[in-house]
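Visitor: I would like to learn how to read a structure like this one, feature by feature. Could we go through it together?

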Amino acid sequence: MVQQTSATDPAPGRRPELVPDPDAEAARIAVVRRYDILDTPPDGAFDRVAAMAARLFDVPVATVTIVDTDRIWFKAAHGLEGVTEIGRDPGLCGSAILRDETLVIPDTLQDPVAADNPLVAGEMGVRFYAAAPITTPDGHRLGTVNVLDTRPRSITEEDAATLADLAAIVLDEMELRLSALRALRDEQARRESERRHAEAERARAEAERAAREKAEEDKAAIAAFASTLQRTLLPPALPVVPGLELACHYRTASAQDVGGDFYDVFSLGDRWAFFLGDVCGKGPEAATVTALARHTLRAAAQINADPLTVLSALNTMLLTDVTAGRRFCTVLFGLLEPRKDGGFTVTVASGGHPPAYHLRPDASDAVWVRAVRPEGGMLVGAFPQAHFAQATFSLTAGESLFLYTDGLIEARTAEGAMLGDNGLTGFLHQRTRPVTAPSLVEDSITLLASLPDGAGDDVALLALSVPHPDTAPDGGIAATAHTAAAPEHFGQE
């Protein structure tokens with residue numbers, strides 16, 4: 001919901017009557033202190049959110065703020081150089097955190113509270129303001145993500161939802177930061193305790209035993225941290241898409257490395273979007289690009305869902321964001337549009353990724369397999385003038401679409417050769433099970449398990465299938481979603 005104000009709207013005119021409940025405000029300030037974020041140095045993650053907000057809304061100023069007891073503190077300020085905080089009263093952000101919904105003031109001079117704000121009445125002359133609250137899971141509003149302009153304007157409900165998504169991303173970054181701080185403090189306390197113990201004990205045998213135990217603990221901690229980080233980079237579960245079955249699988253090649261593969265399926269109102277990609281490299285740097293790519297693809301699709309436009313937006317982001325570190329990725333991005341006669345119209349754009357496969361049973365009880373390979377799709381994030389290509393086709397009852405990362409086709413057979421495109425095509429063609437999303441993913445997992453060394457790289461699988469109407473209850477198509485496996489590691493029990 002968007003809370004917009006105007007000179008003729010009596011409800012916004014009463015905004016000065018909104019006063020924080022003292023008990024609720026005290027609890028909110030306690031939560032702000034818990035995150036330990038006030039007066040911290042600049043952070044690239046929050047700066048990127050402010051920069052992205054400015055680009056998405058085409059405004060000169062965008063900020064990420066935390067509301068303290070008597071001040072508004074800027075964690076990130078794009079286009080507002082030299083300002084780190086302002087007084088809370090009269091305050092735009094201080095007023096915005098009293099509401100659950102996004103606050104939009106089309107013309108600040110017509111707003112009784114905003115008109116006296118230093119950013120409005122002062123030299124900057126802000127005339128438009130919109131803010132989405134940064135809200136914790138237990139309902140405390142810590143601050144806001146804001147966009148400001150020097151001219152009056154308005155925004156749509158979709159724009160307000162995008163601003164709310166950016167506020168949610170800020171909260172995610174704050175949660176990750178808080179977890180990292182706690183882990184660091186715990187680690188420091190543990191190391192100090194072990195140091196005192198070693199000094200007291202002195203014995204070489206005890207020191208060696210303690211060292212071995214520490215090595216095992218560190219190994220487990222690294223594996224647990226990598227697993228936790230990986231889960232934050234992937235959707236927790238596939239959504240339910242009416243008339244479509246979904247299945248996915250993800251495994252990393254090493255318990256110590258955070259993988260660079262990513263995928264997602266999400267709603268765009270009357271359509272659905274999906275993507276699967278692979279970032280060059282592994283580890284924390286690749287994880288940074290993975291998170292950036294996933295958030296950018298989602299945000300760009302909300303503004304313009306054309307697959308070629310979405311890939312171009314990601315290409316620009318990877319080339320301009322310094323945290324990407326000149327890393328590139330391969331991506332397949334697609335749209336699903338339900339057809340009135342059943343099934344879907346699918347548009348898939350390629351950014352240098354291996355082809356997807358369109359499958360259906362044929363008359364000979366074999367599987368008809370067609371590679372969806374738009375010609376000319378270049379790597380994403382490698383070239384400023386990158387060209388991307390797309391293909392459009394129908395996905396009807398009994399048909400499936402299979403997407404994968406190159407860890408699948410680079411796996412080696414018993415003869416030592418890579419499986420390759422031809423090996424994967426042959427495997428799909430010779431299958432005898434039904435062409436459904438769950439069976440495609442399950443059979444691919446079985447294929448990898450049958451190879452001598454499994455997969456030497458990360459593997460992500462995503463399959464979509466349209467069931468036959470007669471397989472659903474009462475002749476209808478059930479809305480189902482299947483997850484073949486949660487993220488896990490090759491070579492681990």
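**Reading the chain**

Guide: Let us begin with C93, which is buried because its relative accessible area is 8%, where buried means under 20% relative accessible area, exposed over 50% and partly exposed in between, with a 1.4 Å probe and protein chains only. This is a predicted model, in which local features need pLDDT of at least 70 and side-chain atom pairs count only at pLDDT 80 or more, while totals for chains, interfaces and linings use all residues. Residues are numbered from 1 along each chain as its sequence is written, and side-chain values use heavy atoms, with hydrogens and water left out.

Visitor: How many disulfides does a search of the whole structure find?

Guide: A disulfide is a pair of cysteine sulfur atoms within 2.5 Å, and the search of the whole structure returns zero of them. C280, for example, is in no disulfide, since the nearest cysteine sulfur, that of C329, is 9.7 Å away. C280 counts as partly exposed, because its relative accessibility is 34%.

Visitor: What describes a pair of aromatic rings?

Guide: The distance of the centres and the angle of the planes describe such a pair. Rings of Phe, Tyr and Trp (its six-membered ring) pair if their centres lie within 6.5 Å, and planes under 30 degrees apart count as stacked, over 60 as edge-to-face and the rest as tilted. By this rule there are five aromatic pairs. One of them joins F266 and F275, an edge-to-face pair at 6.1 Å centre to centre with 65° between the planes. F266 counts as buried because its relative accessibility is 3%, and F275 counts as buried because its value is 0%. One aromatic cluster is formed by F262, F266, F275 and F333.

Visitor: Which residue lies over the face of W368?

Guide: A charge sits over a ring if NZ of Lys or CZ of Arg is within 6 Å of the ring centre and within 35 degrees of the ring normal. R360 lies over the face of W368, at 3.8 Å from the ring centre, and R153 lies over the face of F128, at 5.3 Å from the ring centre.
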